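Subject: Structure handover

Dear colleague,

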Amino acid sequence: MSTLQPRHYNQRGKPTNKPIALYDKWLMGAVLGLLIIGLMMVASSSIMISTKYYHQPFHFLIRQSCFLFAGFVAALVVMRVDSAIWERLSMPLLLVCLLMLLIVLVPGIGRSVNGSRRWLALGPIGIQVSELAKMTMIFYVSGYLVRQQTSVRQSIIGFIKPMIILGVVAVLLLMEPDFGATVVITGTIMSMLFLAGVKLRYYVGLMIAVSCCLVMLALSSPYRVARLTAFLDPWADQFNSGYQLTQSLIAFGRGGWLGVGLGESVQKLFYLPEAHTDFLFAVLAEELGLVGVFLVLILYSILVVRGLMIGFTAHSQERLFAAFTAYGLTFWLGLQAAINMGVNSGLLPTKGLTLPMLSYGGASMVVNCVVIALLLRIDHENRWQALGLRTPTS
């Protein structure tokens, strides 16, 4: 007498002998790999500065582990929230974010670090408002694209409306100033609008206008001009405006194929500023070499490809808010990672952007964990709908 085995179905609803996977294993594997490498490199790159200022070598590693734990708890909460709830909350969240962007500019409330007022000081906790602005803008634009599909594709007015909101957010960010976050948010929103089917002439015209504005903003401040000049020829002033980039390039040069070995970096010995934050990738290249660089690139590539596939699956199921949200979150992580690695390797001008899930930073780590949780939640909903256990509007 034979026993009946439960029949499983894949994400497309076809029978399969494989057990049901509730989440994307490739995405989870890539994120886990990046987090492990990140903790390892934060520990290695911050040993000297931690010893000098805190008299013990693993101060930053312990704090980063605490941030990761907080991000994990936040991710567990977010994964329990249906994506439709974020659609309903998109406008209130945007208004709260705009208020926080205004408050952070108030002296005494906004905390200034290295000349930039980007953090809200709540006792020992600092909230980096630009990280929240990226997420809330993605929610808002995703909801807008769902509500105004026809208008966005056929009318220039439907295209301009979200650009006005983007412009307000960009101005507030530039007042901090946070040029890097402005570039990431603008690039992410423009990519989402392109996928929504905006007419090419509108898109190209706005891209030209935005590019001109960004160039004018970059040239309007002396320190931005210095960064651009250093990017074009860092060795012309290697002990002043080109110092960070030249030290980063030295780290890449010392790394070679296999690196000098974990913990053996010379550039982290107070030669390379921000070695455990913005320029962690340079220390990684020095210690792990080209092999380590390729490994990180592969992991980020997997993350981006799987994120876009999650968005495409949601789009094919006519879950448009979830689809645009997945696209936006993936573009955000991919674009920020590409910019940070480009800056470290001398391909782009210097910007104050961390490397997602690798660089030291409490706000960025917690928000990155929430972003991954949102992608996993959307993927989970895709799988349940493919099995007929969820309706498109539920």
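What follows is an account of what was found, beginning with the chain as a whole and then moving to particular places.

Please keep in mind throughout that this is a predicted model. The chain has 394 residues, of which 48% count as buried, and its secondary structure consists of 14 helices and five strands. When contacts between residues at least 6 apart in sequence are considered, 69% of them join residues that are at least 24 apart. The accessible surface comes to about 18800 Å², and carbon and sulfur atoms account for 69% of that area.

The helix I would ask you to look at with some care is H12, which covers residues 280-316. A straight helix of 37 residues would span 54 Å at 1.5 Å a residue, whereas the end C-alpha atoms of H12 are only 38 Å apart. Where does H12 bend? The bend, of about 125°, is at leucine 288. Just after H12, glutamate 318 takes a positive phi of about 65°.

Two further residues with positive phi lie in loops. Glutamate 274, which is not a glycine, has a phi of about 55°, and its place is in the loop between helix H11 (243-255) and H12. Methionine 357, also a residue other than glycine, has a phi near 70° and is found in the loop between helix H13 (320-344) and helix H14 (362-386). Are these two residues buried or exposed, given that buried means under 20% relative accessible area and exposed over 50%? Glutamate 274 has a relative accessibility of 32%, so it counts as partly exposed, while methionine 357 is buried because its relative accessible area is 3%.

Another backbone feature is the cis peptide bond that joins glutamate 176 and proline 177, with omega at about -5°. Proline 177 is placed in the loop between helix H7 (156-174) and helix H8 (179-195).

Turning to the aromatic side chains, rings were taken as a pair if their centres lie within 6.5 Å, and by this rule the count comes to nine aromatic pairs. In one of them, the rings of tyrosine 54 and phenylalanine 60 have centres 5.7 Å apart and planes at 85°, and since planes over 60 degrees apart count as edge-to-face, this pair is edge-to-face. An aromatic ring of another kind of contact is that of phenylalanine 270, over which the charged end of lysine 52 sits, 5.0 Å from the ring centre.

With kind regards

Notes
Residues numbered from 1 in each chain as written. Predicted model: local features only at pLDDT ≥ 70, side-chain atom pairs only at ≥ 80, totals over all residues. Heavy atoms only, no water. Helix = DSSP H or I, 4+ residues; strand = E, 2+ residues; numbered from the N terminus. Expected span 1.5 Å × (residues − 1). Bend = angle between axes of the 7 residues up to and from the residue. Phe/Tyr/Trp six-rings, centres within 6.5 Å; stacked < 30°, edge-to-face > 60°. Lys NZ or Arg CZ within 6 Å of the ring centre and 35° of its normal. Buried < 20%, exposed > 50% of the residue type's maximum accessible area, 1.4 Å probe, protein only. Contact = heavy atoms within 4.5 Å. Areas by Shrake-Rupley, 256 points an atom, 1.4 Å probe, with all protein chains shown as cover.
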